[in-house]
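Please review the sequence and the three-dimensional model shown below. The briefing is arranged by topic.

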Amino acid sequence: MRKKQCRKNQAGIVTTRSWCCSNEGFRRTKYIKNPNRVREPRSEIRIGCRAMFRVCYSKITKLWVVKEFRANHNHCMATDMQKHFLRSHRKISAAELEQAKLLKKVGIKTSEIWNLFVHQNGGWDKVGCTKKDLYNSLAAGRRGVDDLDANTTLTFLQSKLDIDPEFFYAYMVDEESRLTHLFWADGASRFDYELCQMPLVVLVGSNNHGMTCVFGFALIKNETAETYTWVLQKFLECMKDKLPETILTDGCRSMNKAIEDLMPSVVHRTCSWHILNNAIKHVHEEGFVGELRNLIKRYYSVDEFDLRWNKMLLDYNAENNEWAKALYSSRRQWADTHLRGSYFGSSTATNRCESMNAFLKRFLDEKLPLWRALQHCDHGLAALRYGELGKHAADKLSTPVLKRTSMSEIEEQFASIYTQNMFLEVRNQITRSEKYNVVRHHKLKASDICTIKKYLSKDHPKRKVTFKRIEKEMSCDCYWLETKGIPCRHVFAAMKHLHLSDIPRNIIKNRWLKKCKDIYLSSPDAQRRFINPDMISNKRYGGINSQANLFLYYCKKSPKVQQRGMELMSTLLVEMQKMVEDVGEEEKMINGVVHEVHDGIKELHPVATKGRPPQSKSSQQNSSQKSAKARICRVCKKSGHDYRNCKVRKRKCEESMEEDDDDFE
């Protein structure tokens, strides 16, 4: 709900007030049909809802009278678990913003400040704003200061002279008066100068939004085949013996053996990043890694793959390389030629698992108690669940901007059933289909076969798309649908040629539907609730925390208010201390539940994970004595930057945007 109208009389007194639904009206077309737009437009929220509430002030009765009330909405209503995502329910209070600014001053990250607000308020839905709102509020407060960062810094250093006469600072500017060097030291510094861990396994996948989801955690003693066999046995027991369709690992031999023993029918893929990283170590020939990358990601026939492999070994003198021989023997676990048709989504590397590991490493330490480590795992899992809940709410409460391609009807059908993330992936294929033409159409008795070719492309392979008229099914021999899970651009080019107005049934995948969770769960929101146990114990603290912050906010406004606040606080603390002393033992229990204690279980011994062995003291000394080398970009081979901000790489990425997708051709 939002304010719509406010009328006042000549005396400035409000006489009429009205409120409307946040989905009232429509977005102006100039914000959608902008030819120079770079970012994707925000999802549509205003869809013409006519629900409203209007009151007028009666001069006769001196009361407010309801003049109009429309209760019917033309859209889905937000549930209790989704209402805190609505704009009308999102507002960061002045007290919390002040607290966030203080925490930022001591170097605490905004994401960690957000986690603090979540804990002290008892949940994400109790904070009163989203993480993005917190980022925006803090950025708005320092926007003017950041624009004059150098001047602000020098002003800050100058102000320190008032409290420390021995403070010293100096700076240097270039010919453009741009700050280049800065030095400072306080009085104490100047006076001093005159004195002269266990392996953690995370099983992850992707949900219907294409986001990372966790299937389970395992804390293990070692990384042997027997240990991984036990982990997979318990995983299957937990999942009621339901086997996954595909598995993506980093190529660990112990893990591979466990998978072969327990899941021989599951398609197993080895991480491409680990293969290419090992190639650098075992084949010291420039250009070999690039050729191997093409063999991993591009789709060739089996005979063509073997020819290209033999040619690569010959060109880079690797015919007798033992590592290359072992890699070829396992080609069915890494070459797209042999894995095409097995679903892996957009993943060819273990980046999902690595990102989850990186998140957990920020909190885990070898000295951390085991129970605290498990709580941190719950924190990470709860954060993923919260992100998924936000996407679920966005799908229900908003719609993406439509009619941006030549196939508007197909676009609208996909937008109505697919999640917004996956709809954008599909629409990207519809957009790319405009560069493809049907060069041959062979009509059979019950089917149509269309040969698709890219416009003005000589080396681009032709693809055949088959449409079965009776079954209303469509398939392409590039196997993009089977591998990626979404229809390819060849399919959309054929649909346009055949004038199909409805989506073929077989190219709609249940995994991407908005109601995917409703298919398998009776109450998705109940299953998505946050599992962090700390939130239960923090409810008592969270209930009073917002009021306490507001109390502190007012106390700092003036000395008089501060003095009165201290008087009230002193009286209140004495009263509360007496109440706590009178509390019975039953009320002191946090949760009121007595848990079973397992006697005889000892702590696990910490062990080192597989990876780089620790350096000896002598090697550390030798490495410290070596002069630091200038950073060299691995793309353009120039110094002063790395590949992340290399202009050459960015230009190549823009030029080869379509070639990246053509790896599947």
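Predicted model: local features only at pLDDT ≥ 70, side-chain atom pairs only at ≥ 80, totals over all residues.

Residues are numbered from 1 along each chain as its sequence is written, and side-chain values use heavy atoms, with hydrogens and water left out. Helices (H or I, at least four residues) and strands (E, at least two) are DSSP runs, numbered from the N terminus.

**The open sheet**

- An open sheet is built from 4 strands in the order S1-S2-S3-S4, with antiparallel pairing; two strands count as paired if DSSP finds at least two bridges between them.
- Strand S1 (2-8) and strand S4 (64-70) each have a single partner strand and stand at the edges, so one side of each lacks a neighbour in the sheet.
- On average, neighbouring strands of this sheet are turned by 15° against each other, direction ignored; axes are lines fitted to C-alpha atoms, for helices over the stretch in contact, and angles run from 0 to 180 degrees between N-to-C directions.
- S1 and S2 are joined in the antiparallel sense over 6 bridges, and Lys3 stands opposite Trp19 in S2.
- The hairpin of S1 and S2 has 5 residues between the strands, and Gly12 in this hairpin takes a positive phi near 85°.
- Strand S2 (residues 14-20) also pairs with strand S3 (residues 52-57), antiparallel and over 5 bridges.
- Arg17 has Val55 as its bridge partner in S3, and Cys20 has Met52 as its bridge partner in S3.

- Helix H6 (residues 225-238) has 14 residues and should span 20 Å at 1.5 Å a residue, which agrees with the 20 Å between its end C-alpha atoms; the expected span is 1.5 Å times one less than the number of residues.
- The buried residues in H6 are Ala225, Thr227, Tyr228, Thr229, Val231, Leu232, Phe235 and Leu236; buried means under 20% relative accessible area, exposed over 50%, and partly exposed in between (1.4 Å probe, protein chains only).
- Lys240 follows H6 and has a positive phi, near 60°.
- H16 has 13 residues and reaches 18 Å from its first C-alpha to its last, close to the 18 Å expected at 1.5 Å a residue.
- In H16, Gln420, Met422, Phe423, Val426, Arg427, Gln429, Ile430 and Arg432 are buried.

**Nonpolar cores**

- The largest nonpolar core has 33 residues, of which Ile410, Phe414, Tyr418, Val491, Phe492 and Met495 touch the most other members; such a core is a set of buried Ala, Val, Leu, Ile, Met, Phe, Trp, Tyr and Cys residues joined through side-chain atoms within 4.5 Å.
- Two or more residues of this core come from each of helix H15 (408-417), helix H16 (420-432), strand S12 (447-454), strand S13 (463-468), strand S14 (473-476), helix H17 (480-484) and helix H18 (489-498).
- H18 contributes the most to this core, with 6 residues.
- Apart from neighbours within four places in sequence, Tyr418 is in contact with Phe423, Val426, Ile507, Ile508, Lys509, Trp512, Leu513 and Lys514; contact means heavy atoms within 4.5 Å.
- A second, separate core of 21 residues includes Ala318, Trp323, Ala324 and Trp334.

**Salt bridges**

- There are 18 salt bridges in the structure, each defined as a side-chain nitrogen of Lys or Arg within 4 Å of a carboxyl oxygen of Asp or Glu.
- Glu24 and Arg46 form a salt bridge whose closest N and O atoms are 3.5 Å apart.
- Both Glu24 and Arg46 lie in the loop between S2 and S3, 22 residues apart.
- Arg46 is partly exposed, at a relative accessible area of 35%.
- Arg340 forms a salt bridge with Asp336, with closest N and O atoms 2.7 Å apart.
- Arg340 is buried at 11% relative accessible area, and Asp336 is buried at 1%.
- Arg427 and Glu411 meet through their side chains in a salt bridge (3.3 Å, N to O).
- Arg427 belongs to helix H16 and Glu411 to helix H15, so this pair ties together parts 16 residues apart in sequence.
- Arg427 counts as buried at 6% relative accessibility, and Glu411 counts as buried at 0%.
- A network of salt bridges links Glu40, Arg404, Glu411 and Arg427.
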